[in-house]
Amino acid sequence: MKIFLVSPSVDILFKKEQLAQLEKLGDLHVVKTIKPLLEVEELFDGTEDRILAIDPDFVEWKLSNDVLAKMPNLKAIVLQTTSFDWLDVKYCAEKKIPVVNLRGFSSEAVAEWALWLALTTARNVPVIAKGNWEQNYSFPGVELKGKKAGVIGIGRIGSRIAELSKGVGMNVSYWSRRKSSDMYGWVELENLMSDSDIIFLALPLSPETKGIIPAEMINKMKKTAIFVSVVNHGIYDHDLLIKSAEAGKIYGYAFEEEGGKTFTKYKGNVCAVPALGWCTTDSM
């Protein structure tokens, strides 16, 4: 069995003892340098059974079916993420290739990150930062206590976001495809979007959720509303939210974006930060 560990973060995520354990289980190949996956020649050579353990940064968060089809005797794919929207799981199921993700490994980290994004945007920090951090009283923030928090997706991360929001004194409601929580009130998605002061999106991208928040719902948000996303932008109109926040049609928009120098990239109260919500020593 060949085991391919394809990740630029191997030295951070794996201890020497763990790599030694993998070496006992099969012929371990570690690939750290990011390059097109098709250029990892050993991954496509031979006829031995193989397992692919891969970091999404290596493939820019898109593992294509065309590349997977070229791997001989691929027996499993191990994702170094909780999210699995960056590959076609239906295709893998048809090819009888199991896909394993890291469920729940960073739920606490991402939930706390989401609350931090809400607090940062509520206090107009992106606007203050773009003003060279001057002590300017022209951009007063808002407090979260007493505001309406609407959580979209009430899984591990969404449930913790709801708990944290309640902890700071917010009134919490939620929408999910199934009414799965008795602790908070379930509301229709359209009503949540139009009534909430802080909207937290914690719903994973899938064929069922792609585009589930259309432009019409975004346009009905309060002018005082903040939209916080810790998931893939494919669920909603990302560009429209940026334009709405930049134009002051909503109070603010907070999200993760790959790459550097994101915080001051946009105008107005747009809180764009690197995709580091998962990255804590506890999650590691």
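How much accessible surface does the protein chain have, and what percentage of that surface belongs to carbon and sulfur atoms? In this predicted model, the accessible surface of the protein chain comes to about 15200 Å², and carbon and sulfur atoms account for 52% of that area. Of the 284 residues in the chain, 44% count as buried.

The protein chain contains 10 helices and 12 strands, and its C-alpha trace spans about 65 × 45 × 30 Å along the principal axes. The radius of gyration is 21 Å, which agrees with the value near 19 Å that a compact globule of 284 residues would have. Where contacts in the protein chain join residues at least 6 apart in sequence, 59% of them link residues at least 24 apart.

With regard to charge, the chain carries 34 positive and 36 negative charges, whose mean positions lie 4 Å apart. Side chains of opposite charge can pair when their charged atoms come close. In the present model the count comes to eight salt bridges, several of which are described below.

Because R160 and E163 are three residues apart in helix α7, which covers residues 156–167, about one helical turn separates them. Both partners are partly exposed, R160 with a relative accessible area of 22% and E163 with one of 44%.

A further salt bridge, with an N to O distance of 3.0 Å, is formed by the side chains of D197 and K222. This pair links distant parts of the chain, since D197 belongs to the loop between α8 (189–195) and β9 (198–201), whereas K222 belongs to the loop between α9 (215–219) and β10 (226–229), the two being 25 residues apart.

In the salt bridge between the side chains of E257 and K265, the N to O distance is 3.3 Å. Here E257 is buried, because its relative accessible area of 12% falls under the 20% cut-off, whereas K265, with a relative accessible area of 51%, is classed as exposed because this value is over 50%. Finally, salt bridges also occur as a network, in which K2, E48 and R50 are linked.

Notes:
Residues numbered from 1 in each chain as written. Predicted model: local features only at pLDDT ≥ 70, side-chain atom pairs only at ≥ 80, totals over all residues. Heavy atoms only, no water. Salt bridge = Lys/Arg side-chain N within 4 Å of Asp/Glu carboxyl O. Helix = DSSP H or I, 4+ residues; strand = E, 2+ residues; numbered from the N terminus. Buried < 20%, exposed > 50% of the residue type's maximum accessible area, 1.4 Å probe, protein only. Rg over C-alpha atoms; globule rule 2.2 N^0.38 Å. Contact = heavy atoms within 4.5 Å. Areas by Shrake-Rupley, 256 points an atom, 1.4 Å probe, with all protein chains shown as cover. Lys, Arg positive; Asp, Glu negative; His and termini not counted. Charge placed at Lys NZ, Arg CZ, Asp CG, Glu CD.
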